[in-house]
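Let us read this model together through a few questions on packing and contacts.

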Amino acid sequence: MTPQGSQPQGLGDDLRALARDPHARLGVKDMIGTCLGIGAWGLVTGVAMVKSGMDAPMAIFMSLLVYAGSAQLAVLPLMAVGAPLWVVWLTASCVNLRFVIFSSMWRNYFHYLPRKHRLAIAYFSGDVIFVAFMKRFPKPEPRPEQVPYFWGAACANWLAWQIPSIAGILLANAVPLSWGLGFAGVLALLGVLLSMLQDRATWLATIVASTAAIAAFALPLKLNILVAIAAAVTAGLLIEAADRHLRRPPFRLTVRSRATDPPLPPADPSEPAVAPLPEERRP
Amino acid sequence: MSWSWVEPVLAIIGLAVITLVSRAFFMIPERELPLPGWLKRGLKYAPLAALAAVIAPELFMTQGRFIHTLLDARLPAVACAVGYYFWRRDILGTIVVGMAVYLPLHIGLGW
C-alpha cells in the first residue's frame, strides 16, 4: 500500500512514509471532525453485535473483516434469528448498493493504479471518506497527492471505527444502548450531508431522498435507500434541466451586450422601469 | 462441541466479500465500463441521496413509523445541530451541540 502502488517494503515502512506525507496528514485532518461520530457509531455497533447474541471473538472477527457499519447493523437481527445465509447476504448487498455507485466515481481518480491497489482502496472507502475526498478533489481526474490523501483518511477512519467497535464488543454490558449514543453517528452523517448542500439542486435532491426513504421504509432488505437514490437522481436531473431552460434568456442578453453591440440608450425616466425582453432589443 | 460457529463464520466471510465487491465494483475491470452521460451527471446526486436516505428514518421515525409526538429529543437536537452547522460550518461542533441537547432530554426527561 505504498502511495505508488508497488510493494517493495513492508507495511510498517509504508505507514511510516505515509505519516510523513503532508497530503496524508491533510487526509487525517479532514477526518477528525467526523471521527467522534464515527467512533460513537462504531461503539454502538460493537455493543449491538454482542447484545444480538454473538460471542466476543466472533464479533471482533466480524468487525475487522466486514468493516461496513450500516450493513452490519442491518444483518445483525437476521443472523440472531438464524436467517438463511442468502437472506443475510442479499440484505447486505442491498444496503451496500450505494457503494457500487460510489465506485464509479472512485474510478475517475484511481483507474491507473494496479488492480490490487484499486481493490485495497475500494475496501477501505467508506461513506465519510468518499465525501471528504470528493470535497477535496472535486475535479474527477487523477493527481499524485490523491493516493496519500486517501490512505491518510482511510487510516484515520479505520482506527476511529475499529477501536470503539472492539471496545463496544468487550464492554458491551457496561455501555447502555438506551442512552442513544448511536445518535452521535447520525449527527456526524448529518454534518457531512449539510456540508454537501451547495445549490438548489442538491437541496431538492436531499429533500426528495429523505421523503422517499421514509415513505418506502416498509420495503424489505433496506430497498428504501435505493428508491431514495433513484428519486433524488431523477429530481436532480430535472431541476438541472429546468435551471438550464430558465437561464437561457439572461445568457443571451450578456452575450449580446458585448462591444460589437451598440450601447443601450440611457434609461428614460419617463419610461416604466421594465427591462425589455431580449427579442425586443434585437436589431 | 457443536458446529454452530460454522454458519456465522461463513456469513461473515460472505459479508466481507460483499463489502469488497460492492465498494470496488466499477474499479474491478481494467477498462472503463461505458455509462451514458445523463446517468453520470445524475449519479453526482447519489451520495447525498444515500446519506439522506440513511439519516432521515433515523431522525423522523420510531420503530418503522413516522414520528407522532413533538416530545422527542431528536427534534430539538437536530434543529440545534443544523443551526450550529450553518453558523460555524464545523462538523465536530455539530455533533457536540446535537448531543448536548439530546442526552439531557433523552436520559433526563425520557423523551
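Predicted model: local features only at pLDDT ≥ 70, side-chain atom pairs only at ≥ 80, totals over all residues.

Tutor: Residues are numbered from 1 along each chain as its sequence is written, and chains are lettered from A, with ligands numbered from 1, in the order in which they are written.

Student: At what angle do helix 2 and helix 10 of chain A pack?

Tutor: Helices here are DSSP runs (H or I, at least four residues), numbered from the N terminus, and angles run from 0 to 180 degrees between N-to-C directions of axes fitted to C-alpha atoms over the stretch in contact. For helix 2 (residues 22–51) and helix 10 (residues 182–195) of chain A, the axes lie 7 Å apart and the angle is about 145 degrees.

Student: Which helix of chain A gives the most to the side that touches chain B?

Tutor: Counting residues as in contact if their C-beta atoms, placed from the backbone, lie within 7 Å, 74 residues of chain A meet 58 residues of chain B. The most, 12 residues, comes from helix 10 of chain A.

Student: Which residues of chain B does A209(A) touch?

Tutor: A209(A) is among the residues with the most contacts inside the largest nonpolar core, which has 110 residues. Leaving out residues up to four places away in sequence, A209(A) touches A228(A), I229(A), A231(A) and A232(A) and, from chain B, A49(B), A52(B) and A53(B).

Student: Which helix gives the most to this core?

Tutor: A nonpolar core is a set of buried Ala, Val, Leu, Ile, Met, Phe, Trp, Tyr and Cys residues joined through C-beta atoms within 7 Å, where buried requires 20 or more other C-beta atoms within 10 Å of the residue's own. With 14 residues, the most comes from helix 2 of chain A.

Methods. Helix = DSSP H or I, 4+ residues; strand = E, 2+ residues; numbered from the N terminus. Contact = placed C-beta atoms within 7 Å. Buried ≥ 20, exposed ≤ 12 C-beta atoms within 10 Å, placed from the backbone.
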